[in-house]
Amino acid sequence: MPAQILDGKQIAAAVREEVKQEVARLKEQGITPGLAVVLVGDDPASQVYVRNKHRACEEVGIYSVVHRLPGETTQAELLDLIKQLNNDSQIHGILVQLPLPPHIDEKTVIDTIALEKDVDGFSPANVGNLVIGDKCFYPCTPHGCMVLLDKTGIDPRGKKAVVVGRSNIVGKPMAMMLLARHATVTICHSRTANLAEECRQADILVAAVGKPEMITGDMIKEGAVVIDVGINRVGEKKLVGDVHFESAVQKAGWITPVPGGVGPMTIAMLLKNTVEAARR
Ligand code: NDP
């Protein structure tokens with residue numbers, strides 16, 4: 001029997017509705033959650049992401065400001081803007097859209113964002129808190145994956161989870177969040193000796209690789225939950241994930257589509273983190 005679909009679009013809409021209600025409650029107390037998004041340069045994909053984030057904020061009543069800076073902006077100018085936003089009481093969350101132009105050091109920029117406004121959850125202090133299980137902002141994409149599981153009633157406890165990819169923004173925090181929820185976690189990467197064999201052990205398989213359709217049905221355990229984080233553009237228009245959907249859907253028990261799986265959850269979690277920052 002083909003897998004059931006983990007419908008990110010539908011679940012993200014439900015999360016956005018919850019956020020909208022929370023924003024209304026905060027407004028009654030005189031607090032309007034505010035998000036500042038900073039975009040440097042004119043990368044077309046980043047422009048689309050930033051526009052979507054701004055629109056999503058407006059839809060739920062979050063005050064949102066987009067700072068569009070030219071590609072030649074110096075690191076010092078960018079840091080000055082972040083420091084201003086750190087001190088701006090109308091702004092509860094700050095997001096700097098990555099990637100930044102090569103003359104700007106991403107780490108220095110992320111380190112400058114005040115911890116209590118780091119709604120992307122990328123700063124070292126926030127990541128440290130995530131690892132030790134302290135209060136933190138969960139990075140939006142892995143957080144979205146966890147909410148997909150929760151809202152579908154899939155409990156990671158005691159399950160074998162395999163995360164393919166070890167980036168700081170997806171793979172590593174994903175593994176930590178699954179571990180915190182009592183899964184037994186394996187992290188795979190480009191030097192993993194036998195990737196297919198590792199993947200076949202997974203009750204929950206998360207693909208965050210950035211290689212179109214590289215995880216195929218023969219690498220998936222019968223009935224597994226498959227979460228495809230990948231977004232890869234193939235040709236002019238087509239988007240595909242890191243999982244080969246047509247073969248995987250025949251083996252998995254649950255699977256996320258691309259598009260319409262993890263992508264919409266990422267933005268919903270950004271809204272949730274911004275509201276959480278305002279509440280704190
Ligand atoms: P990165 O390029 O930072 O990391 C990719 C990871 O995959 C690395 O750890 C790399 O290993 C590993 N990898 C590469 N090739 C192989 C291989 N052949 N076998 C096993 N592992 C391999 O990517 P991101 O984590 O930033 O993103 C991953 C994907 O998720 C991309 O498609 C991206 O577009 C998408 N994405 C989607 C989001 C969403 O909202 N849905 C948000 C963020 C990302 P190594 O460390 O050894 O190099």
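I began with P44, which counts as exposed at 58% relative accessibility, where exposed means over 50% relative accessible area, buried under 20%, and partly exposed in between, with a 1.4 Å probe and protein chains only. P44 lies in helix α2, helices here being DSSP runs of H or I of at least four residues and strands runs of E of at least two, both numbered from the N terminus. I then took the distance from P44 to L85, 41 residues apart along the chain, and found their C-alpha atoms separated by 25 Å.

Before going on I noted that this is a predicted model, in which local features need pLDDT of at least 70 and side-chain atom pairs count only at pLDDT 80 or more, while totals for chains, interfaces and linings use all residues. Residues are numbered from 1 along each chain as its sequence is written, and side-chain values use heavy atoms, with hydrogens and water left out.

**Ligand site**

I looked up the shell around the ligand and found 22 residues, the closest being R166, S167, H189, S190 and T266; a residue is near a molecule if one of its heavy atoms lies within 4 Å of it. This shell divides into ten nonpolar, ten polar and two charged residues, with Ala, Val, Leu, Ile, Met, Phe, Trp, Tyr, Cys and Pro as nonpolar, Asp, Glu, Lys and Arg as charged, and the others, Gly among them, as polar. Helix α10 supplies the largest share of the shell, three residues.

I checked the side chains for polar contacts, meaning pairs of N or O atoms within 3.5 Å; within protein, one atom must be able to donate a hydrogen and the other to accept it, and residues adjacent in sequence count only if both atoms are side-chain atoms. The side chain of S190 has an N or O atom 2.5 Å from an oxygen atom of the ligand, that of R166 has one at 2.7 Å from a ligand oxygen, and a polar side-chain atom of T266 lies 2.8 Å from an oxygen atom of the ligand. The protein covers 71% of the 930 Å² of accessible area that the ligand has on its own, by the Shrake-Rupley method with a 1.4 Å probe; for residues, only the protein chains shown count as cover.

**Helix α10**

Among the buried residues of α10 are V262, M265, I267 and A268. The elements that cover the buried residues include α1, β2, α2, β4, α6 and β8.

**Loop residues with polar contacts**

Q97, in the loop between β4 and α4, is buried with a relative accessible area of 6%. Its side chain makes a polar contact with the side chain of K53 at 2.8 Å. Not counting residues up to four places away in sequence, Q97 touches V38, L39, S46, Y49, V50 and K53, contact meaning heavy atoms within 4.5 Å.

T73 is in the loop between β3 and α3 and is buried, with a relative accessible area of 5%. A polar atom of the T73 side chain lies 2.5 Å from the backbone oxygen of P70.

D242, in the loop between β10 and α9, counts as buried at 0% relative accessibility. I found the side chain of D242 reaching the backbone nitrogen of V209 at 2.6 Å, and a polar atom of that side chain 3.1 Å from the backbone nitrogen of K211. The C-alpha atoms of D242 and T216, 26 residues apart along the chain, are separated by 9.0 Å.

**Backbone geometry**

Most residues other than glycine have a negative phi, and most peptide bonds are trans. I therefore noted H182, whose phi is near 70°, a positive value, and which is partly exposed at 46% relative accessible area. E213 likewise has a positive phi, near 55°, and counts as partly exposed at 27%. A cis peptide bond joins L98 and P99, with omega about 0°, and another joins V258 and P259, with omega about -5°.
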